[in-house]
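Open the model in your viewer and keep the selection tool at hand. This tour goes stop by stop.

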Amino acid sequence: MSALQLDAEALYTELLAGVRRLLLPDVALVGVWSGGAWLAERLQRDLGLPGKHGVISSALHRDDFGSRGLASGHDATSLPFAVDGRPILLIDDVLFTGRTIRAVINELYDFGRPSSVRLAVLVDRGGRELPIEAAYAASRIVLPATQRLSLTRDDAGGFTFSVREAS
Ligand SMILES: O=P(O)(O)OC[C@H]1O[C@H](OP(=O)(O)OP(=O)(O)O)[C@H](O)[C@@H]1O
């Protein structure tokens with residue numbers, strides 16, 4: 001499957017079913033800013049989970065912080081629950097090198113010591129540079145390393161994918 005054939009809404013339905021099978025008692029959903037946060041927000045609602053989902057930013061722990069810096073906008077961690085002793089399910093749109101997830105795990109542990117951390121993603125595009133895997137991926141594709149794939153959300157809350165050449 002190519003990136004152009006990715007139907008984000010259809011994959012969201014798959015993700016919903018996959019995440020339902022991963023739910024542990026007292027689990028907290030934490031979405032990686034930005035695409036993962038949109039997904040976690042919708043999953044929290046569609047799964048009927050109590051409370052509010054968390055949002056986590058990779059910005060402060062990125063290994064390319066020096067060149068990338070802090071993004072503008074609302075790229076900030078918000079975890080409106082205690083992390084200590086809690087099973088955490090990270091949600092992201094795309095898993096590629098694994099560097100973003102490495103950074104958000106560091107960020108998460110700044111807030112406490114979860115009982116476990118797992119990951120579910122919409123797309124696993126391979127190309128890992130770290131030993132990080134998703135417990136669930138709604139799809140697996142291979143893309144040229146020069147292409148960046150990310151989720152976009154329209155005004156009505158619908159999901160699509162955008163593909164662009166990395167700058
Ligand atoms: O496994 P990695 O190599 O770290 O790549 C995965 C990350 O890349 C994308 O974000 P991107 O950096 O394109 O930023 P964006 O979310 O602002 O589009 C995507 O949303 C993931 O968070």
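Select Asp-124 to begin. Leaving out residues up to four places away in sequence, Asp-124 touches Leu-95, Glu-133, Ala-137, Ser-139, Arg-140 and Ile-141; contact means heavy atoms within 4.5 Å.

Before moving on, note that this is a predicted model, in which local features need pLDDT of at least 70, side-chain atom pairs count only at pLDDT 80 or more, and totals for chains, interfaces and linings use all residues. Residues are numbered from 1 along each chain as its sequence is written, and side-chain values use heavy atoms, with hydrogens and water left out.

**Stop 1: Asp-124**

Stay on Asp-124. It lies in strand 4 (residues 116-124). Helices (H or I, at least four residues) and strands (E, at least two) are DSSP runs, numbered from the N terminus. Is Asp-124 buried or exposed? Asp-124 is buried, at 5% relative accessible area. Buried means under 20%, exposed over 50%, and partly exposed in between (1.4 Å probe, protein chains only).

Now show the side chain of Asp-124. A polar contact of 2.9 Å links it to the side chain of Arg-128. A polar atom of the Asp-124 side chain also lies 2.9 Å from the backbone nitrogen of Gly-126. A polar contact is a pair of N or O atoms within 3.5 Å; within protein, one must be able to donate a hydrogen and the other to accept it, and residues adjacent in sequence count only if both atoms are side-chain atoms.

**Stop 2: charges over rings**

Select Arg-125 and Phe-96. The charged end of Arg-125 sits over the Phe-96 ring, 3.7 Å from its centre. Next, pick Arg-86, which lies over the face of Phe-81, 5.3 Å from the ring centre. The rule: NZ of Lys or CZ of Arg is within 6 Å of the ring centre and within 35 degrees of the ring normal.

**Stop 3: the ligand**

Select the ligand and its shell. Among the surrounding residues are Ser-34, Arg-68, Asp-92, Phe-96, Arg-148 and Ser-150; each has a heavy atom within 4 Å of the molecule. Which side chains come within 2.5 Å of a ligand oxygen? Thr-97 places a side-chain N or O atom 2.5 Å from a ligand oxygen. Thr-100 has a side-chain N or O atom at 2.5 Å from a ligand oxygen. A polar backbone atom of Gly-98 is 2.8 Å from an oxygen of the ligand. The protein covers 82% of the 490 Å² of accessible area that the ligand has on its own (Shrake-Rupley method, 1.4 Å probe; for residues, only the protein chains shown count as cover). Colour strand 3 (87-95): it gives the largest share of the shell, 3 residues.

**Stop 4: a cis bond**

Go to Ser-34, in the loop between strand 1 (28-32) and helix 2 (35-46). A cis peptide bond joins Trp-33 to Ser-34, with omega about 5 degrees.

**Stop 5: an aromatic pair**

Select Tyr-12 and Phe-159. Rings of Phe, Tyr and Trp (its six-membered ring) pair if their centres lie within 6.5 Å; planes under 30 degrees apart count as stacked, over 60 as edge-to-face and the rest as tilted. The count by this rule is 1 aromatic pair. The ring centres of Tyr-12 and Phe-159 are 5.9 Å apart and the planes are at 55 degrees, so the pair is tilted. Tyr-12 is in helix 1 (residues 8-22) and Phe-159 in strand 7 (residues 159-165), so the pair ties together parts 147 residues apart in sequence. Tyr-12 is buried at 2% relative accessible area. Phe-159 is buried at 4%.
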